[in-house]
Amino acid sequence: MQIKSLEIKDYRNYKKAFVEFSPKTNIFYGDNAQGKTNLLEALYMCSMVRSHRTTIDRELINFNEEESHICLKYIRNDVEHKIDIHLKKNNKKGLALDGIPIRKSSEFIGKFNTVLFSPEDLSIIKNGPSRRRRFIDMQICQINPVYLKYLAKYNKIIEQRNSLLKQILDTSKHEETLDVLDDQLVIYGTYIISEREKYIDSLNSIIRSIHLDLTGGKENLILVYERSTDKSEFKKELLKKRNKDIRSKVTSVGPHRDDLGVFSEGIDLRIYGSQGQQRSAALSLKLSEIEILKEKNNESPVLLLDDFLSELDTKRQNALLKRIGGIQTIITCAGLDDYVKKRFKIDRLFRVENGEIIYE
Ligand SMILES: Nc1ncnc2c1ncn2[C@@H]1O[C@H](COP(=O)(O)OP(=O)(O)OP(=O)(O)O)[C@@H](O)[C@H]1O
Ligand SMILES: [Mg+2]
């Protein structure tokens, strides 16, 4: 996968910008609040159709404008493609691939793959379960378009079920509707659980050696899918918890309650890991993501590093750089210090200044 060019119009603090990328290392540097993350966000939008920072599209449109455009040209398996995203303040966004409109995000995600490294990713182990679930879900979406559809349906049913629980508590009626919702929940939930099982299995087959490498052979990392219910027990568990759920007005069992356990040498890193261990495990997770996409597509994803290297110590930087070699990488950083100059063969350098990109 290789980006050729990006054109953005009225996106965040950009009026108009056009960038042609090198197939290797591209560096965007500039002071705070100039538009570096905004630029990476626009690239990320082209792969996930949503921002990594917000779920509200109108935030992406320039304060003074009603609409915004993103146009990305990229090469996949030697064929050039074009993605168009048209954001509107008061309407649904428009998507097109190679000039053909696409109505559903689920048919769009996965066409252009990226792996984004942002400083917040390093806290994924110490954050709560929802961040880890989101990490797994986003990864599966990139390789399996059906997953997103099912996940959206599942989440919708959870919402409906929770509001029904409240009605039942208030009126003691409608319990038969709950049976219908539970049946649907089990259908979509079972699919989600089995896709997560598969994904975490494949992560485990990759992450071990990455993490051993990163920790100088010291730590065996094992990921455990912690389910709130087994697939085969889901329906039974929903029934068992029904009265409790009605009382609390929330659905207490199902994949929306699952977690990803991260263990090193038997120790639960979420609880007992040192800060360094947690950060290393987080980095290993991200590095595994690259490998999974590579395996799936026979091609590397584009790497987006948002002010990420400055967050890592030399050992972790080296581990990352070792795996980046040969992959198109877009890096943002505040300054062009010696470190950046020495560590990278910079193929293309851009300065970002107040919503403008200057090729140097
Ligand atoms: N919808 C919008 N319209 C106009 N400006 C916006 C919009 N959304 C965000 N901005 C502005 O864009 C600016 C640049 O943001 P960005 O996150 O890209 O900075 P950055 O260069 O990554 O800075 P840092 O080095 O601090 O991470 C911010 O000052 C923000 O106020
Ligand atoms: Mg930034």
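Two strands count as paired if DSSP finds at least two bridges between them. Keep that in mind as you click through this model, which is predicted.

**Stop 1: a parallel pair**

Select residues 25-29, strand E3, together with residues 348-353, strand E14. They run in the parallel sense and share four bridges, so they pass the two-bridge cut-off. For a landmark, pick Ile27: across from it in E14 sits Leu349.

**Stop 2: the whole sheet**

E3 and E14 belong to an open sheet of six, and reading across it you get E8-E12-E13-E3-E14-E15, with mixed pairing. Colour E8 (114-117) and E15 (356-359): these are the edge strands, and each has a single partner, so one side of each has no neighbour in the sheet. Look along the sheet and you can follow its twist, which averages 20° from one strand to the next.

**Stop 3**

Zoom in on E8. The partner of E8 is E12, residues 302-306; the two run parallel and are joined by four bridges. Show Val115 and you'll find Leu303 of E12 opposite.

**Stop 4**

Most residues other than glycine have a negative phi, and most peptide bonds are trans.

Then jump to Val49, in the loop between helix H1 (36-48) and strand E4 (67-76). Val49 isn't a glycine either, yet has a positive phi of about 55°. Is Val49 buried or exposed? It counts as buried, because it has 22 C-beta neighbours inside 10 Å.

**Stop 5: two hairpins in a row**

Carry on into E4 and select E5 (residues 79-88) with it: ten bridges hold the two together in the antiparallel sense. Ile75 faces Glu80 of E5. The two strands make a hairpin with two residues between them, and Asn77 in that turn has a positive phi of about 45°.

E5 then goes through five residues into another hairpin, with E6. Select residues 94-97 to see E6, which pairs with E5 in the antiparallel sense over four bridges. Ile83 has Leu97 in E6 as its bridge partner.

**Stop 6: helices around H8**

Finish on helix H8 (residues 275-297) and bring up H4 (residues 175-214); their axes come within 9 Å and cross at roughly 125°. The pair is therefore oblique, and the crossing is right-handed. On the H4 side of the contact, look for residues including Leu203, Ile206 and Ile210; on the H8 side, Leu283, Leu287 and Ile292 are among them. By class, this contact has ten nonpolar, five polar and one charged residues.

The axes of H8 and H9 come within 11 Å and cross at roughly 0°, which means the two helices are roughly parallel. Ser280, Leu283, Leu287 and Ile290 of H8 meet Arg316, Ala319, Leu320 and Arg323 of H9. This contact has five nonpolar, one polar and two charged residues.

Notes. Residues numbered from 1 in each chain as written. Chains lettered and ligands numbered in written order. Predicted model: local features only at pLDDT ≥ 70, side-chain atom pairs only at ≥ 80, totals over all residues. Axes fitted to C-alpha atoms, helices over the stretch in contact; angles between N-to-C directions. Parallel < 35°, antiparallel > 145°, perpendicular 65-115°, else oblique. Left-handed = near helix turned anticlockwise from the far one by under 90°. Contact = placed C-beta atoms within 7 Å. Nonpolar A, V, L, I, M, F, W, Y, C, P; charged D, E, K, R; others polar. Buried ≥ 20, exposed ≤ 12 C-beta atoms within 10 Å, placed from the backbone.
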